Amino acid sequence: MMPDGAADGHDVPVQPAMEIPHPAPVDATLARLYGEPLTRLPNDLYIPPDALEIFLDAFEGPLDLLLYLIRRQNFNILDIPMAQVTLQYLVYVEQIRKSNLELAAEYLLMAAMLIEIKSRMLLPKRQDELIDDAGDPRAELVRRLLDYEQIKTAAVALGNVPQEGRDFVRPELFVEQGLVQPLPDVDPWDLQRAWLDVLRRAKLTQHHRIGRQELSVREHMSAILRALQSQRFVEFGDLFAGQHTVPIVVVHFVAMLELAKETLIEITQAEPFAPIYVRLAYSPA
């Protein structure tokens, strides 16, 4: 049905169609990094294959794994079903071989031993072996498993023993010392050393009285001149003969220097390190 006016050739205004609002985009936040939403994974993200590993059971060696398989299924350790145990053992070895080849080497040795025992049990026995009764091929493996289980049980028992620092701490009690100080033992040699130390300090503090003595330099100058008048040369050391005390020797030496200063005497020496002589100064007539 055409609208009115369309048949007359007049243009009829058309109402625009109503727009359907689009739904708001859903927040596709994959993660949050430092509090900021992360909407897409980075292009350089790399997660190594061994980034997450879950170890349900950790074994300390082939015997530990074999004993675990036997005890978990309640097998008689003296009558081990080798086919079933060997198959389960090889499945586990194949798993660790993919992740750690060095660790699997030790387990592969036990796997070869299990396969050998299984093969020997499947082979028909010869007539000579029936007569000799070679025994059960599993006997050596059973012996090793029993020894290992005994040692493992003992190790667990030792580990359960309380240990200092891990399970308990020894109490510490601080006791204050009493007011009475214990006197130390005195050795006779200690007493002797103490007495000698007292004597040494007493000598350092002893008193020495110095008396006053009046000495005349002029008198000693006259004595030196009288001694030189009777001899032509007098050795330096001989001039101090008879002078017994230090103050007198000092004054006598000062008197000699005064005479040399006033050119009344001469002090001579023939060569280095030769004796020193003293004589009256030469005076022309």
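This is a predicted model: local features need pLDDT of at least 70, side-chain atom pairs count only at pLDDT 80 or more; totals for chains, interfaces and linings use all residues.
Visitor: Which residues is His 252 in contact with, leaving aside its neighbours within four places in sequence?

Guide: His 252 has its place in helix H8, and, with those neighbours set aside, it is in contact with His 220, Ile 224, Leu 239, Phe 240 and Gln 243. With His 220 there is also a polar contact, made from side chain to side chain at 3.0 Å.

Visitor: Is His 252 buried or exposed?

Guide: A residue counts as buried when its relative accessible area is under 20%, and His 252, at 4%, is therefore buried. For the protein chain as a whole, buried residues make up 17% of the 285 residues.

Visitor: How should I read a pair of aromatic rings, and how many aromatic pairs are there here?

Guide: Such a pair is described by two values, the distance of the centres and the angle of the planes. In this structure the count comes to five aromatic pairs. One of them joins Phe 240 and Phe 253, whose rings are 6.5 Å apart from centre to centre, with 35° between the planes, an arrangement that counts as tilted.

Visitor: Which parts of the chain does the pair of Phe 240 and Phe 253 tie together?

Guide: Phe 240 lies in the loop between strand E3 (234-235) and helix H8 (246-261), while Phe 253 lies in helix H8 itself, so the pair links parts that are 13 residues apart in sequence. Phe 240 is buried, with a relative accessible area of 16%, whereas Phe 253, at 36%, counts as partly exposed. Together with Phe 236, these two residues form one aromatic cluster.

Visitor: Which residues form a nonpolar patch on the surface?

Guide: Trp 195, Leu 196, Val 198 and Leu 199 form such a patch, and together they have about 370 Å² of accessible area. Leu 199, as one of these, sits in helix H6, which covers residues 188-204, and it is partly exposed at 34% relative accessible area. The accessible surface of the protein chain comes to about 24,700 Å², and 59% of that belongs to carbon and sulfur atoms.

Visitor: How many helices and strands does the protein chain have, and what pattern do they follow along the sequence?

Guide: The secondary structure comes to eight helices and five strands, and, read along the sequence, the pattern is β-β-α-α-α-α-α-α-α-β-α-β-β. As for contacts between residues at least 6 apart in sequence, 52% of them join residues at least 24 apart.

Terms used
Residues are numbered from 1 along each chain as its sequence is written. Side-chain values use heavy atoms; hydrogens and water are left out. Rings of Phe, Tyr and Trp (its six-membered ring) pair if their centres lie within 6.5 Å; planes under 30 degrees apart count as stacked, over 60 as edge-to-face and the rest as tilted. Helices (H or I, at least four residues) and strands (E, at least two) are DSSP runs, numbered from the N terminus. Buried means under 20% relative accessible area, exposed over 50%, partly exposed in between (1.4 Å probe, protein chains only). A polar contact is a pair of N or O atoms within 3.5 Å; within protein, one must be able to donate a hydrogen and the other to accept it, and residues adjacent in sequence count only if both atoms are side-chain atoms. Contact means heavy atoms within 4.5 Å. Patches are made of residues with over 30% relative accessible area and no salt bridge: like charges are joined within 9 Å, nonpolar side chains (Val, Leu, Ile, Met, Phe, Trp, Tyr) within 5 Å. Accessible areas come from the Shrake-Rupley method with a 1.4 Å probe; for residues, only the protein chains shown count as cover. A salt bridge is a side-chain nitrogen of Lys or Arg within 4 Å of a carboxyl oxygen of Asp or Glu.
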